[in-house]
Amino acid sequence: ELETKFIAALQESSRPVVLVGGGIRQSGAEAKLQKFLALTEIPVFCSLCGLDVCPTGGEAFSGVFGSPGVREVLSDADLVLVLGSRLSSRQIGKDTNAYVANAKLFMVESCPEELGRLPAHAQLIIRDVGDFLDTICERINYKSPQAWQEETKRRLRVAACAERETD
């Protein structure tokens, strides 16, 4: 079962990231997402369609796709969990197989026909996002390493400052 595989990969992860899209809202899983992020403290990024469901005031919130530094953080992640996002070419670029190529990539989607081209290494969990989060929250005991959380925030601050200097 892919959920068990995800849990095992998460337990081994030292640099996880969550990517959130508008599918969280469509699933009605906003509170379940909040619970999962509070339990795990994993850095979270959101798409523009997921901005209204992403906990932007929370400690785990790290930014929006396209913000300075996001690609750099994602390239160093060792596990990426995608919840309710189709990963369009605008988000991941044309070379889908290069996207987070060094990370274990898990995508949760209830309507796989909504998805475009997926990276070859993506592991697709076909399930309602809310049901997935319920199951995971019951079964995990994991906190994202504090050093990774701090490194993520530091990289994003540095990238934002560098972008302002070039404006």
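Serine 110 sits in the loop that runs between β5 and β6 (122-126). The model is a predicted one, and in it serine 110 counts as partly exposed because its relative accessibility is 39%. Setting aside neighbours within four places in sequence, serine 110 is in contact with Ile126, Arg127 and Asp128. Serine 27 is 83 residues away from serine 110 in sequence, yet the two C-alpha atoms are 9.0 Å apart in space.

**The chain as a whole**

Along the sequence they follow the pattern α-β-α-α-β-β-α-β-α-β-β-α-α. Of the 167 residues in the protein chain, 49% are buried. The accessible surface of the chain comes to about 8,200 Å², and carbon and sulfur atoms account for 49% of that surface. Among contacts between residues at least 6 apart in sequence, 68% join residues at least 24 apart.

Why would one expect the side chains of a strand to point to two faces? In a regular strand they alternate between the two faces of the sheet. In β1 both faces are covered: Pro16, Val18 and Val20 are buried on one side, and Val17 and Leu19 are buried on the other.

β1 runs parallel to β4, and five bridges join the two strands. Within β4, leucine 81 stands opposite valine 18. β1 also pairs with β2 in the parallel sense, over three bridges. There, leucine 19 has phenylalanine 45 of β2 as its bridge partner.

**The nonpolar cores**

Which residues touch the most other members of the largest nonpolar core? Among the 31 residues of that core, they are Phe36 and Leu83. The elements that each supply at least two residues of this core include α1 (2-12), β1 (16-20), α3 (30-40), β4 (79-83) and β5 (104-109). Helix α6 gives the largest share, five residues.

Leucine 83 shows how these parts meet. Not counting residues up to four places away in sequence, leucine 83 touches Val18, Leu19, Val20, Gly21, Ile24, Leu33, Val108, Val129, Phe132 and Leu133. Another core, of 16 residues, lies apart from the largest one, and its members include Leu74, Leu105, Met107 and Ala122.

**Aromatic pairs**

A search of the whole structure turns up two aromatic pairs. A pair of rings is described by the distance of the centres and the angle of the planes. Here are the values:

| Pair | Centre to centre | Angle between planes | Type |
|---|---|---|---|
| Phe6 and Phe106 | 5.3 Å | 75° | edge-to-face |
| Phe6 and Phe132 | 5.7 Å | 55° | tilted |

Phenylalanine 6 lies in helix α1 and phenylalanine 106 in strand β5, so their pair ties together parts that are 100 residues apart in sequence. Phenylalanine 132 lies in helix α6, so its pair with phenylalanine 6 of helix α1 ties together parts that are 126 residues apart in sequence. Through these ring pairs, Phe6, Phe106 and Phe132 are linked into a cluster.

**Helix α3, one side in and one side out**

Helix α3 has a buried side made up of Leu33, Phe36, Leu37 and Thr40. These residues cover an arc of only 95° around the axis, so they lie on the same side of α3. On the other side of α3, Ala31 and Ala38 are exposed. The cover over the buried residues of α3 includes β1, α2 (23-27), β2, β4 and α6.

Leucine 37, found in helix α3, counts as buried because its relative accessibility is 4%. Leucine 37 and serine 144 are 107 residues apart in sequence, while their C-alpha atoms are 9.7 Å apart in space. Just after α3, glutamate 41 takes a positive phi of about 55°.

Conventions: Residues are numbered from 1 along each chain as its sequence is written. This is a predicted model: local features need pLDDT of at least 70, side-chain atom pairs count only at pLDDT 80 or more; totals for chains, interfaces and linings use all residues. Side-chain values use heavy atoms; hydrogens and water are left out. A nonpolar core is a set of buried Ala, Val, Leu, Ile, Met, Phe, Trp, Tyr and Cys residues joined through side-chain atoms within 4.5 Å. Buried means under 20% relative accessible area, exposed over 50%, partly exposed in between (1.4 Å probe, protein chains only). Helices (H or I, at least four residues) and strands (E, at least two) are DSSP runs, numbered from the N terminus. Contact means heavy atoms within 4.5 Å. Rings of Phe, Tyr and Trp (its six-membered ring) pair if their centres lie within 6.5 Å; planes under 30 degrees apart count as stacked, over 60 as edge-to-face and the rest as tilted. The arc is that of the directions from the helix axis to the C-beta atoms. Accessible areas come from the Shrake-Rupley method with a 1.4 Å probe; for residues, only the protein chains shown count as cover. Two strands pair if DSSP finds at least two bridges between them.
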